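Here are a few friendly notes to read alongside the structure.

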Amino acid sequence: MTYKPKITQYHLHKTFPERLQFAVYSLNEYRRNSSEKAAIPHSHSYYQIIWFLSDGGYHSVDFETYSIKKNTILFISKDSVHAFDDNLDVQGYLIHFNESFFMHDDVDIFLKYNVFNAHINPCHTVDEYTASTALTYIKLMQEETSGKQRFGYEDILRFSLKSFLIILERMHHDSEKKHLRFNNHHEQLFAQYKELVEENYKKNCTVTEYADLLNISSKTLTSITKGIVGKSASQLIADRVILEAQRLLKFTTLQVGEIAYKIGFEDASYFVKYFKRHVGKSPSQYRNSCIC
């Protein structure tokens, strides 16, 4: 096995923060330019939306492989490990954006944690009506990126991206007969909690510490998380820790002790017990089960 000390991660203008933290591409052009690189499992420090316009091929995200159908859209959250197949003739669109470009209010946080929930289901196929509506926003974004420096172009891009995501999330909720509730206080607190966990899961923060940051009690926080996703606040912390451990076990050859240290465990033996308690396998057993 080739030694893989880390998952290769790509960035969007990391060394040039003054540049526009957003890009929209022809998927065909992007695949031809990225060639073999995009077919190797990798991650991004930014968010990625991939829209496939026709049937055929597959795409891997973390631990699942998805068959591509017409109007399949993949929402790749930052740090997710994904890979294209070897089809360089694929047609569609690709959107990249950094959090700094998108995140400006509570609705953005809400959208992020509803749309970019990759470890649950990053793959959706949209109907023709939704695709047609969403395409108008793609075209508008393409037009605005080609005319940089025009008055308000960044705002139009940001609002178009948000509208694009709302259209897609609206369809997803309609199909499940659920209602979006941007202004529901508990939904907003839940999204903010998920944001805090994402930022701090390697620091071994307690539920009480997270609750303090949200200016609520730990009991209220757990009541909110159980009401929305049926899990305790502590279980959501564990889920994020385990997700990262599984990624490192599957996609790198780091030793178990190295992985434990990377995700905030000072004691490797405690990490092994923690992982086995939540997954039902030891880290080594899990890694062996990932080898095809």
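1. Let me start with a tyrosine. Y25 has a relative accessible area of 32%, which makes it partly exposed; here buried means under 20% relative accessible area, exposed over 50%, and partly exposed in between, with a 1.4 Å probe and protein chains only. Y30, at 16%, is buried.

2. Before going further, a word on the source. This is a predicted model, in which local features need pLDDT of at least 70 and side-chain atom pairs count only at pLDDT 80 or more, while totals for chains, interfaces and linings use all residues. Residues are numbered from 1 along each chain as its sequence is written, and side-chain values use heavy atoms, with hydrogens and water left out.

3. Now the rings. The structure holds 13 aromatic pairs. Rings of Phe, Tyr and Trp (its six-membered ring) pair if their centres lie within 6.5 Å; planes under 30 degrees apart are stacked, over 60 edge-to-face, and the rest tilted. The ring centres of Y25 and Y30 are 5.7 Å apart and the planes meet at 45°, so this pair is tilted. Elsewhere, ring pairs join F265, Y270, F271, Y274, F275 and Y286 into a cluster.

4. The charged end of R158 is over the ring of F101, 4.8 Å from its centre. R240 lies over the face of Y201, at 4.2 Å from the ring centre.

5. R240 forms a salt bridge with E244, with the closest N and O atoms 3.0 Å apart; the term means a side-chain nitrogen of Lys or Arg within 4 Å of a carboxyl oxygen of Asp or Glu. Both E244 and R240 are buried. The two are four residues apart in helix α9 (residues 233–251), so about one helical turn separates them. Helices (H or I, at least four residues) and strands (E, at least two) are DSSP runs, numbered from the N terminus. Salt bridges also link D62, E198, R240, E244 and R247 in a network.

6. The whole structure has 11 salt bridges. One of them joins the side chains of K78 and E99 (2.7 Å, N to O). K78 lies in the loop between β7 (72–76) and β8 (82–84) and E99 in helix α2 (residues 99–102), so the pair ties together parts 21 residues apart in sequence. K78 is partly exposed at 21%, whereas E99 is buried at 18%. Another bridge joins E144 and R150 (3.2 Å, N to O); E144 is buried at 7% and R150 is partly exposed at 40%.

7. R31 lies in helix α1 (residues 27–34), and its side chain makes a polar contact with the side chain of S34 (3.3 Å). Such a contact is a pair of N or O atoms within 3.5 Å; within protein, one must be able to donate a hydrogen and the other to accept it, and residues adjacent in sequence count only if both atoms are side-chain atoms.

8. Finally, helix α6 (residues 185–200). Its 16 residues should span 22 Å at 1.5 Å a residue, and the end C-alpha atoms are 22 Å apart, which agrees; the expected span is 1.5 Å times one less than the number of residues. Among the buried residues of α6 are L189, F190, Y193, L196 and V197, and also the charged E187, K194 and E195.

How values were computed
A charge sits over a ring if NZ of Lys or CZ of Arg is within 6 Å of the ring centre and within 35 degrees of the ring normal.
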